[in-house]
Protein chains: 2
Amino acid sequence: MNDCVFCKIIDGQIPSYTIYEDEYVKAFLDISQATPGHTLVIPKKHVANIYEYDEELAEKVFSRIPKIARAIQQSAPDILGMNIVNNNGELAYQSVFHSHFHLIPRYSNKDGFSMTFQDNSEKYNQEAFEQIKNKIINSLEA
Amino acid sequence: MNDCVFCKIIDGQIPSYTIYEDEYVKAFLDISQATPGHTLVIPKKHVANIYEYDEELAEKVFSRIPKIARAIQQSAPDILGMNIVNNNGELAYQSVFHSHFHLIPRYSNKDGFSMTFQDNSEKYNQEAFEQIKNKIINSLEA
């Protein structure tokens, strides 16, 4: 895509701090460095979001992630955890519309990244769970 | 693993609201339902975290995620985005030590899930970026 900043990084028009690259995938430091070592893994093929991946592209991109995660984890002795995050849609914090996976090494619970998950388990009975489950299964089979 | 709650879900000792299942992967509703439709995708093989995946297992698990994400996204008209999240280590919010991917549909920026990313780009010069990059590349090649 002509106006896509990540496509420009892939073809070298925009420089990047590249960690790993092959025929299908590029991994480079996120310029924001939410934490030190914060890396993005992207497919070279332009897909906007997770919905646009076929199985083969998902295999290609994701098969590279464990080794990149291990390398980041081993690159600094004070890395104690890692969040891997893929955001889809502006509401879900996606800011570049070329699909990407954030690998965010974690150093403490006061470093540059955090998440909150609400626990709503008390609000659902069996019927409510079954309704949600069936809607998703119906979409899967559609 | 004998004491793993997700292994017990896989072998049916503990019930779950299952969305999708095949030889390698199971997907079921997260009991916490951070947002309605919040789903976990897990490998049937017990691996604790992203570091323990080989390429083949990563391919198998991840190749199923786009179709499950599409099904969730299409299951409710008010889903506006999706966060896909894999947590590794207690510090990074991992609470069950059988690797899992959260698929969290998003409805508004005030629903049951949120993330914060610090932008530290001003704090890094080229040398600092190169140092981090080289440490990770050295680990990758080790």
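Which strand pairs with strand β6 (residues 113-117) of chain A, and in what sense? Select β6(B): the two pair in the antiparallel sense over five bridges. Strands here are DSSP runs (E, at least two residues) and helices are runs of H or I, at least four residues, numbered from the N terminus. Two strands pair if DSSP finds at least two bridges between them. Zoom in on A:T116, which stands opposite B:S114 in β6(B).

This is a predicted model, in which local features need pLDDT of at least 70, side-chain atom pairs count only at pLDDT 80 or more, and totals for chains, interfaces and linings use all residues. Residues are numbered from 1 along each chain as its sequence is written, chains are lettered from A in the order in which they are written, and side-chain values use heavy atoms, without hydrogens and water.

Next, show the ten-stranded open sheet. Its order is β1(A)-β2(A)-β3(A)-β5(A)-β4(A)-β4(B)-β5(B)-β3(B)-β2(B)-β1(B), with antiparallel pairing. The edge strands are β1 (18-21) of chain A and β1 of chain B.

Now pick α4(B). This helix packs on the sheet and touches β1, β2 and β3 of chain A. Contact means heavy atoms within 4.5 Å.

Now select the interface. The contact takes 76 residues from chain B and 76 residues from chain A. Together the chains bury about 6,700 Å², counted as accessible area (1.4 Å probe) lost on being put together, summed over both.

Finish at A:E55 and B:K67. Their side chains meet in a salt bridge (3.9 Å, N to O). The rule asks for a side-chain nitrogen of Lys or Arg within 4 Å of a carboxyl oxygen of Asp or Glu.

Technical notes. Buried area is the accessible area (1.4 Å probe) that two parts lose on being put together, summed over both. Axes are lines fitted to C-alpha atoms, for helices over the stretch in contact, and angles run from 0 to 180 degrees between N-to-C directions.
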